[in-house]
Amino acid sequence: MKRIGVLAVQGAFIEHCHRLKDMGFDAVELRNHTDAAQDLDGLVLPGGESTVQSKLLNELGMFDPLRAKITDGTPVLGTCAGLILLAHKVENGNGSGLERATTTSRVPITSFASLPVTVVRNAYGRQLGSFHATGVLHSSGSSGSSEEVSIPMTFIRAPHISDIGDGVDTIASLADGTPVAVQYKNQIGITFHPELDDDQQLYSLFASML
């Protein structure tokens with residue numbers, strides 16, 4: 001049975017554990033250095049407060065062993081705050097909604113900086129700005145051709161992917177083309193919360209990388 005480590009210091013990790021267990025995986029909650037240093041087949045970084053998670057990763061001695069796993073090619077799924085922890089560059093939005101958001105100062109956060117994207121925190125607004133939408137998942141069909149299928153998306157204080165670097169593929173977008181999920185080598189970064197919807201397509205993509 002594949003063992004998937006789920007960062008469990010803060011945030012929506014329980015929902016991810018439930019989804020992984022339903023898929024037949026051993027979901028292991030990671031709470032300290034010993035947990036983070038163990039052998040794992042995959043890694044999930046959940047949504048939550050990215051600044052808090054970043055602080056705890058360092059205080060609990062988890063940052064370096066998890067960064068080593070990501071660098072060594074362990075498949076990782078980062079959602080919302082998890083995407084922020086993966087991003088090369090993190091900027092702070094003004095929380096006024098995507099249409100009116102402006103970038104302010106850089107957030108004092110230590111990220112793994114392993115995913116070549118720029119992410120703006122709270123770009124869609126605060127908690128009251130949360131919303132649900134139906135977007136598009138870009139996938140490859142059995143013949144290798146590109147396919148687009150609908151996918152539900154729940155956004156809660158979501159970040160925005162403002163810049164995508166070389167080698168990064170957009171794997172899901174809103175109807176207007178705004179990228180909301182990307183893949184780079186062994187990493188999948190998602191701005192929304194797939195663990196809160198019944199759709200399993202992104203989890204299946206992650207599972208295919210294990």
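**First stop: helix 4**

Select T71, which has its place in helix 4; helices (H or I, at least four residues) and strands (E, at least two) are DSSP runs, numbered from the N terminus. This model is predicted, so local features need pLDDT of at least 70 and side-chain atom pairs count only at pLDDT 80 or more, while totals for chains, interfaces and linings use all residues. Residues are numbered from 1 along each chain as its sequence is written, and side-chain values use heavy atoms, with hydrogens and water left out.

Is T71 buried or exposed? T71 is exposed, at a relative accessible area of 62%. Here buried means under 20% relative accessible area, exposed over 50%, and partly exposed in between (1.4 Å probe, protein chains only).

Now select the whole of helix 4, residues 63-71. Its buried residues are F63, P65, L66, K69 and I70. An α-helix has 3.6 residues a turn, so residues three or four places apart point the same way. After helix 4, select G73, whose phi is positive, near 105 degrees.

**Second stop: the whole chain**

Display the complete protein chain, which contains 6 helices and 13 strands. Of its 210 residues, 52% are buried. Contact means heavy atoms within 4.5 Å. Among the contacts with a separation of 6 or more, 69% are between residues 24 or more positions apart. The accessible surface of the chain is about 9,100 Å², and 47% of that belongs to carbon and sulfur atoms; such areas come from the Shrake-Rupley method with a 1.4 Å probe, and for residues only the protein chains shown count as cover.

Select C80, H193 and E195, which UniProt lists for "active site" in an unreviewed entry. UniProt positions are given in the numbering used here, feature names are shortened, and annotations may be inferred rather than shown by experiment. These residues span 116 residues in sequence, yet no two of their C-alpha atoms are more than 11.1 Å apart, so they gather at one spot. The lining of the largest pocket includes C80, H193 and E195. On a 1 Å grid over the protein atoms alone, a pocket is an open set of points with protein on both sides within 12 Å along at least five of seven lines, where a 1.4 Å probe fits; lining residues have an atom within 4 Å of a point.

Centre the view on C80, in the loop between strand 4 (76-79) and helix 5 (81-86). C80 is buried, with a relative accessible area of 4%. Not counting residues up to four places away in sequence, C80 touches several residues, including G47, R157, F192 and H193.

Move to E195, in the loop between strand 13 and helix 6. E195 is buried as well, at 6% relative accessible area. Which side chain is joined to that of E195 by a polar contact of 3.4 Å? The partner is H16. A polar contact is a pair of N or O atoms within 3.5 Å; within protein, one must be able to donate a hydrogen and the other to accept it, and residues adjacent in sequence count only if both atoms are side-chain atoms.

Select G48, E49, S50, R121, I156 and R157, which carry the UniProt annotation "binding site" (unreviewed entry). Although spread over 110 residues of sequence, they cluster in space, with a largest C-alpha distance of 13.1 Å. The lining of the largest pocket includes G48, E49, S50, R121, I156 and R157.

G48 is in the loop between strand 3 (42-45) and helix 3 (50-59), and is partly exposed at 37% relative accessible area. R121, in strand 7 (residues 115-121), is buried at 12%. Show the side chains of R121 and S50 to find a polar contact of 2.8 Å.

Select F131, F155 and F192, which ring pairs link into a cluster. Rings of Phe, Tyr and Trp (its six-membered ring) pair if their centres lie within 6.5 Å; planes under 30 degrees apart count as stacked, over 60 as edge-to-face and the rest as tilted. F155 is buried, at 1% relative accessibility. The rings of F155 and F192 have centres 5.6 Å apart and planes at 55 degrees, so this pair is tilted. F192 is buried too, at 0% relative accessibility.
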